[in-house]
Each structure stands twice: as C-alpha cells, then as structure tokens.
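Let's take a walk through this protein together. Have a look at the sequence and the model first, and then read on.

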Amino acid sequence: MDKSFSEIVSPGDVLSVDAVLELISRSLFQINTSLTLHCEQTAFMTVELLRGAGYKDRKILQDAYILALLHTIGFYRHDPANIGKPMPKPNEIFQNDSLASDSFWFGQCYIKHMTPLGNLCNNLRFHNLPFNENLTSTVENYEITNLMFLASRIIAWTFSEDYTTETDFTNRDIIEKIAGNYISSHAIDIFLAVNKDNYLINTIECGNFSLKNKFFQQVISYTEADKFQLLKLLIYIMDLKSTFTLNHIIKTSCYALSIGTRMDIPETDLNILFMAALLHDIGKLKTPAMILESAGRLENNDLTIMRAHVNHTKRILQGIIPKKILDNACHHHEKLNGTGYPLGLMGANLSAIDRILVVSDVASALSEKRSYKSEFSREQVIDILNDMGNKGELDNKVIQVFTENYDTIRTEVLEIQKIMSTNFSIVLAEYYSSNTEAEDAGEIEELEELEEL
C-alpha cells in the first residue's frame, strides 16, 4: 500500500462513538440478553448517581458510563455451548462469591487493556467487596465504583424473585437490605436523594432510560485513537463466542483493504470497505458456538443455522451504520451468477466493494487452518479462486489482482493484522496473577484457582 493504514482507515469518519457503543451493546445482547439489559440500566443509574454526588467532569462521567456498560463483561465468558454451564442472570451475579470474584477480576483486566478508560477500571476489583472506609482516602475514584456497585445491585434486585412493582425503592430499609455491607451509607444517601419520587426506578420501568442513554452517548467525545480502540473492542467481543471467527473477521478485513488499495475504487470507499469487512460476520454472535467451532464440515441443519448469520448481521447493524456499509456487510455470500445467499443477487446488483469483500472472505477461509483441513497452499488458493471465477461466482478482475500480488498481499495482511490485534496476552497474564493487591490499599481477597481459557 502506498499510504499508511492510518491514512486510509478512519473509523470516526463512518462510525461515531455513539454507534460503536450501540453496536457493543447489541453484540453483547446476542450472547446474554438479560445481562446486557442489566448493564444498560446500571449505566443510566450510575451517571445519575454521579451527577447527584456532584460530579460534573465530562471525562469522568463518560468513562464511568462505559465502565458500567461493560462491568459484567467477565460473565459473558461462561458460554453454555463451551463449558456446559448456564450463563448467569443479573440477580445471580452476586450470589456466588467465587464466580463474582473471578468474573469481575477478568473484567478489570479486560477493560483495562482493551478500552480507553484508564485507571478507572482498576476500581472494578472492589466492585464485589464489602465497603471499606479506609479506602476512601487511599483509592482514587473509590466513591465512583461504590456508586456504580450500588446501581448494579439495585438493578440486579429488579431481576430477582423478591422484586415486585410494589417494592418501595424510596425506603431506606429496603435499600440497605439490597446494599448489605457492600455499600457506604453516604452512597445510599445519594441514591435516596436522586431517587426522590422514585425517579430512577420509574425511568427504568417505563424504558425511558434507553432514550437517556442514547442522548448521553451522543455527546461522548474521544480521540481518534480511543475511538479505534473501542472499535477493536467491538470486534473482539466475538472472541467471547468463537476465537476462530474473530481471527477470520480480522484476516478478511485485512485482505479486503490490501486488495482494495490495488483496485480502481475511490479512496473514501477503502474506509467503507474495511469497516464493512470488520462487521460482516457480527451476526455469528447469534450462531451457537458448537457450530462456529465445529470440528468437521457442517450437516444440512447446522449449515442452515450458520447461513442465518447474514440476516442476524443485518438485524444487529440496521439503524446504526450507514446503509452502504450495511449492504456491503450483508452481501459477502452473494455470487455474481445469483447462486449466493441470502438474496441470490446477480452481478448487476453487486458493487465493487461487494465483489472485493466476497473474494476476501473466500481467500481468508481458504488460508485458515481448521480441524478438518490444513491451510491451503498458494497454488490451491489460486486454483480454487480461478475455478469460482470461471463459474461466474466471483469477479475475475478482483481475483486477478489478488493472484498477481499474492505474496505482497499476504505480507501486507500480516502487518495490518498487527495493527488490528490487541495484546490479549497482557490481559491473561494479569488475570492469572492470583495474589493481586490494591494500590496502597492492603490485600484483596485471594482469587481461587482460575479455569483455563
């Protein structure tokens, strides 16, 4: 490529922070619906409590909001298709101390290294620990995490069997029962003041919290670098479901960009091409992990379920991203001769971006190692692509650009992959350190032995 990656790809030009956050929530919603709803409600209440406590700094409020949206991210790892355990409901996340400690600790490590939240996420380690007055003067932002924890516990209570619409959340005795010894008396005072006339709970029960979240997200401001980090976080949510699919998405995106720079398409379309490629398989979050990680070729029923991911992709992306990117992302299994799916579009209905993305998707799949096949050789990849081109399935011009620049493109893809990667090993290294201590705050409860990823 003549230009650098950052000169070509600019996520902020096509996706706002608001759009990325909405897609993050929608993506997590595919994995655990009730837990995602819990987080969205907790985020609303956290911001309201912080404002009630006198916090006005926009950076603190927006970081706390995003932290609340992601504070249970560690619980999404408990995918029943992978480890045979049901995923927890919101009212269950505080009932198992071992699970809570493990999951919140993983969440802290994940958010610390995968988001632009800085040191605020470090306070997540205190999220499920009893309130300690001594930490108020030694741990920065300790009050913030205590208020977020109170919001989380109250929202979790609304998902429990103990909750009824008659529950009086303006009654201090009830709030103290929910809070237990985990929340400061001052935090409870703030909640009762903000929840005057049951404002917080009524806003949640009538669904208006979602609209307030939308308004808040629209004024969130981050640097381009931080926006890109949030975009990578969105893509890496797939790793909670299927590491293979995550790797395929990234590789396909890199192939698309490298091929696209050699095609006669406007430079602005390269950014659109890359974004469409990053989002093209987001619908697989709805596909069972046992199918995504299948050890063999899929039978008819499983293949039908797998093919439904395109419609899931459309449903997740619709109303958030520009229609052009939506269409490009949803056309990656269409063929020029109309034999593709789900729409059976013909060549006249497929744009240059569509055609590049289709070839990139196929090339990426051919170059991946699966349990039932090895990575195909250079000759095999080229032969298969040419055969599909001769059958009228793929664009021969795109295939020609790819095959004539095969070695250069492969080298470029490796370099782009490095930019798209996150150092997940740092997350795991910190996660597996079992004797973590809070900075200047004494010892934290020792984490139990953690399961292998």
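What follows goes from the whole chain down to a single residue.

Keep in mind that this is a predicted model. If you go looking for secondary structure in the protein chain, you'll find 23 helices and zero strands. The radius of gyration is 24 Å, close to the 22 Å that the globule rule gives for 453 residues, so the protein chain is as compact as a globular protein of that length.

Of the 453 residues in the protein chain, 56% count as buried. The chain exposes about 19,800 Å², with carbon and sulfur atoms supplying 48% of that area. As for charges, there are 40 positive and 61 negative ones, and their mean positions lie 7 Å apart.

How does the chain meet itself? Take the contacts between residues at least 6 apart in sequence: 73% of them join residues at least 24 apart.

Let's zoom in on one residue, Phe209, which you can find in helix 11, running over residues 208–218. Is Phe209 buried or exposed? Its relative accessibility is 6%, and buried means under 20%, so Phe209 counts as buried. And what does Phe209 touch, leaving aside its neighbours within four places in sequence? Phe209 is in contact with Leu37, Glu40, Gln41, Phe44, Thr203 and Ile204.

Methods: Residues are numbered from 1 along each chain as its sequence is written. This is a predicted model: local features need pLDDT of at least 70, side-chain atom pairs count only at pLDDT 80 or more; totals for chains, interfaces and linings use all residues. Side-chain values use heavy atoms; hydrogens and water are left out. Helices (H or I, at least four residues) and strands (E, at least two) are DSSP runs, numbered from the N terminus. The radius of gyration is taken over C-alpha atoms; the globule rule is 2.2 Å times the number of residues to the power 0.38. Buried means under 20% relative accessible area, exposed over 50%, partly exposed in between (1.4 Å probe, protein chains only). Contact means heavy atoms within 4.5 Å. Accessible areas come from the Shrake-Rupley method with a 1.4 Å probe; for residues, only the protein chains shown count as cover. Lys and Arg count as positive and Asp and Glu as negative; His and the chain ends are not counted. The place of a charge is taken as NZ of Lys, CZ of Arg, CG of Asp or CD of Glu.
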